[in-house]
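Okay, everyone, thanks for coming. I'd like to walk you through one chain today, so please have a look at the screen.

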Amino acid sequence: MRSRSPGRARHINASRRACLVARFCFIYAQERFDAEALLRTYISDVETVQRIIYTAAVESFYAAKMAYWKFKMQVKEALSLGHSGPESLEDAVLDYIICHKDAYDVHASVREVICSMNINPKISFPPEIDFIVLSTLIQELCCLAFAMQTLVPPLDVAFGIDGELFNETKYYRNSDSDFTAAFVAYHIWPALVEDDVVIVKGEVVTKR
């Protein structure tokens, strides 16, 4: 991945970005439904299931971003001892992380996500079941989110809160929505943003 050509570096970044955005869309279109179907075998309430999936997505991005930041600091400290160019230290760190992304301890992030979900007051699971059943989806999201941090600029999911004003540039309305309602009742999937600009819309339910 290391290159002295700015043009080639931009092309590689754009190609990786396109692949990662496509992966985000595939998870939304397919793997999210698979996870919902799994949860429906334990939980009958659709809203609860959808809230759980949304929380898993948001928490996965948060955990992966924190892991990326820690990993980056470690790499930067190690490379700074012998770095002499020609590229900047920041570029050298980014190149190293891209080439060694398998060093990311995704299983630690999955455990962090599950712990966060267990103490989230907005979601709950029957006592005989654990959020660990979503480990596959969470792991996919963590790996995706970690890789998205290596883009320039990085990609992230947008912050959402129940009761926010519906924004048609940020969200799609789910078919269960009241299409005359102006406020978001709850979120189904987060929007993907780049420098606070939405590049993939999320999904919400609006109700009065």
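So, to start: is strand β3 (residues 184–189) mostly covered or mostly open? It's mostly covered, with five of its six residues buried. By buried I mean under 20% relative accessible area; exposed is over 50%, and partly exposed is in between, with a 1.4 Å probe and protein chains only.

Quick housekeeping before I go on. This is a predicted model, where local features need pLDDT of at least 70 and side-chain atom pairs count only at pLDDT 80 or more, while totals for chains, interfaces and linings use all residues. Residues are numbered from 1 along each chain as its sequence is written, and side-chain values use heavy atoms, with hydrogens and water left out.

Now the overall layout. The protein chain has five helices and six strands, and along the sequence the pattern reads α-α-α-α-α-β-β-β-β-β-β. Those are DSSP runs numbered from the N terminus, helices being H or I with at least four residues and strands E with at least two. The C-alpha atoms fill a box of roughly 60 × 40 × 25 Å along the principal axes. Of the 208 residues, 44% are buried. And if you take contacts (heavy atoms within 4.5 Å) with a separation of 6 or more, 68% of them are between residues 24 or more positions apart.

Back to β3. Its partner here is strand β6 (residues 202–206): the two run antiparallel and are joined by four bridges. For strands to count as paired, DSSP has to find at least two bridges between them. If you want a spot to look at, H187 stands opposite V204 in β6.

Which residues does Q50 contact, leaving aside its neighbours within four places in sequence? They are E36, N174, Y186, H187, I188 and V205. Q50 itself lies in helix α2 (residues 46–80), and its relative accessible area is 6%, so Q50 is buried.

Let's follow E36 from that list. Its side chain meets that of R32 in a salt bridge, 3.3 Å from N to O. The rule there is a side-chain nitrogen of Lys or Arg within 4 Å of a carboxyl oxygen of Asp or Glu, and by that rule the count comes to 13 salt bridges. E36 and R32 are about one helical turn apart, because they sit four residues from each other in helix α1 (residues 6–40). Both E36 and R32 are buried.

There's another pair in helix α2. R51 and E47 are four residues apart there, about one turn of the helix, and their side chains form a salt bridge at 3.0 Å, N to O. Are R51 and E47 buried or partly exposed? R51 has a relative accessible area of 17%, so R51 is buried; E47 is at 27%, so E47 counts as partly exposed.

The side chains of D162 and R51 meet in a salt bridge at 2.8 Å, N to O. This pair links distant parts of the chain, 111 residues apart: D162 is in the loop between β1 (155–157) and β2 (171–173), and R51 is in helix α2. Salt bridges that share partners then join E47, R51, K122 and D162 into one network.

That's my tour; let's discuss.
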